[in-house]
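I opened the model today to go through its helices, strands and pockets. My entries follow in the order in which I looked things up.

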Amino acid sequence: MVVGTGLVGTSVALALRAHAVTVHLRDADPEAVRTAASLGAGTARPPSGAVDLAVVAVPPPHVAGVLAGLQAEGVAAHHTDVASVKAEAQREAVALGCDTSSYIGGHPMAGAAHSGPLKARADLFEGRMWALTPTPDTGTETLNTALELVALCDAVPVVMEAVAHDRAVALVSHAPHVVASLVAQRLEHAGEREVSLAGPGLRDLTRIAEADPGLWMDILGANARVVADLLEELGTDLGRMVTALRGLAGDGPERAAGLAVVEDVLRRGRTGRARISGKHDTRPERFETVTAVIGDQPGELARLFADADQAGVNIEDVRIEHATGQPAGLVHISVLPGLAATLRKALHDQGWRQR
């Protein structure tokens with residue numbers, strides 16, 4: 001059973017249905033259930049008896065309450081959730097008297113800027129990390145059932161304590177989202193000419209600020225203290241950087257001191273960036289890049305990918321740079337070392353312009 005048919009819940013259901021697992025859908029919004037069912041995510045009919053697993057796919061503040069209700073109904077033998085904050089839900093579940101031996105927290109590290117069942121995909125979790133946060137008394141059978149769920153969704157399980165999980169996601173997801181929003185809000189009243197100069201770097205930095213504010217209010221509210229501590233540390237770093245840049249703008253010893261600090265931050269930033277996993281959650285790899293000019297006609301991107309496939313070259317990653325006011329853009333294709341020359345020749349032979 002999947003309770004909550006938004007983006008993640010419906011994607012879980014679609015992934016299970018791809019393996020012919022029977023999925024019963026439930027949501028406070030009947031229209032969301034109908035939509036998810038129409039997509040092939042499962043059935044809106046209630047189960048005739050207790051199911052093996054109930055997946056609670058609701059916002060963090062509601063996880064414990066929904067869990068308590070499901071256990072009171074006796075609809076499932078085991079229970080998990082997919083909320084992005086774990087410790088508070090675990091504490092509330094204990095406070096509500098939930099049976100925590102049949103419950104294990106879960107958090108698939110996947111999502112999208114826009115929510116709702118219509119954005120759901122069966123392959124949303126493919127190759128993604130999926131955190132599992134057992135309670136102190138989670139049973140072995142419950143853990144194994146959750147591991148089977150992760151496997152059916154083609155994700156990679158990581159078992160960790162709830163508090164450690166919340167610290168980790170604050171560092172790699174929650175605090176960065178706030179920073180992206182702070183940067184993006186500076187553009188709200190910027191002049192049109194200034195914004196027109198924005199390139200892919202700014203787009204990459206602020207992309208996650210597009211997400212639903214209501215959803216993120218729930219997430220940040222459930223992990224507020226940890227995120228606040230991280231942002232306070234970042235504020236200290238920003239203050240140090242401001243002082244260094246003012247020194248760099250001057251003369252004398254202040255300039256040399258400022259130069260040293262700025263260079264250190266840039267160097268350490270590059271080192272930290274290199275630690276982020278590459279495609280999905282695999283080890284980072286060095287790629288070569290081939291850049292093709294693509295028109296704005298329908299099907300052009302698919303044709304480009306088909307020509308790369310015909311050449312026997314796998315596309316490891318892709319980035320599209322739109323040309324403002326132009327009916328064309330640049331597609332930056334990342335391939336394994338040694339394959340760039342092969343791809344360039346194949347694209348040339350097919351008439352693609354390259355940069």
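Which residues of α1 are buried? I found Leu7, Val8, Gly9, Thr10, Ser11, Val12, Ala13, Leu14, Ala15 and Leu16. That is ten of the eleven residues of helix α1 (residues 7-17), a mostly covered helix. I took buried as under 20% relative accessible area, exposed as over 50% and partly exposed as in between, with a 1.4 Å probe and protein chains only.

Basis of the entries. This is a predicted model, in which local features need pLDDT of at least 70 and side-chain atom pairs count only at pLDDT 80 or more, while totals for chains, interfaces and linings use all residues. Residues are numbered from 1 along each chain as its sequence is written, and side-chain values use heavy atoms, with hydrogens and water left out.

Whole chain. I noted 13 helices and ten strands in the protein chain; helices (H or I, at least four residues) and strands (E, at least two) are DSSP runs numbered from the N terminus. The C-alpha trace spans about 70 × 55 × 40 Å along its principal axes. Of the 355 residues, 35% are buried.

Strands. I looked up the partners of β6, counting two strands as paired if DSSP finds at least two bridges between them. Strand β5 (residues 103-108) pairs with β6 (residues 129-134) in the antiparallel sense over five bridges, and His107 stands opposite Ala131 in β6. β6 also runs parallel to strand β7 (residues 156-159), joined by four bridges, with Trp130 opposite Pro157 in β7. β6, α5 and β7 form a right-handed β-α-β unit: with the strands pointing away from the viewer, the path from the first strand over the helix to the second runs clockwise.

Second largest pocket. I read its volume as about 290 Å³. It has 13 lining residues, and Leu16, Val21, Thr22, Asp52 and Leu53 are the closest to its centre. A pocket here is an open set of points on a 1 Å grid over the protein atoms alone where a 1.4 Å probe fits, with protein on both sides within 12 Å along at least five of seven lines; lining residues have an atom within 4 Å of a point. The volume is the space filled by probe spheres set on the points, which are joined across faces, edges and corners. β3 (51-56) and α5 (140-152) each supply at least two lining residues.

Cysteines. I found zero disulfides, a disulfide being a pair of cysteine sulfur atoms within 2.5 Å. Cys98 counts as buried because its relative accessibility is 11%. Cys153, at 1%, also counts as buried.
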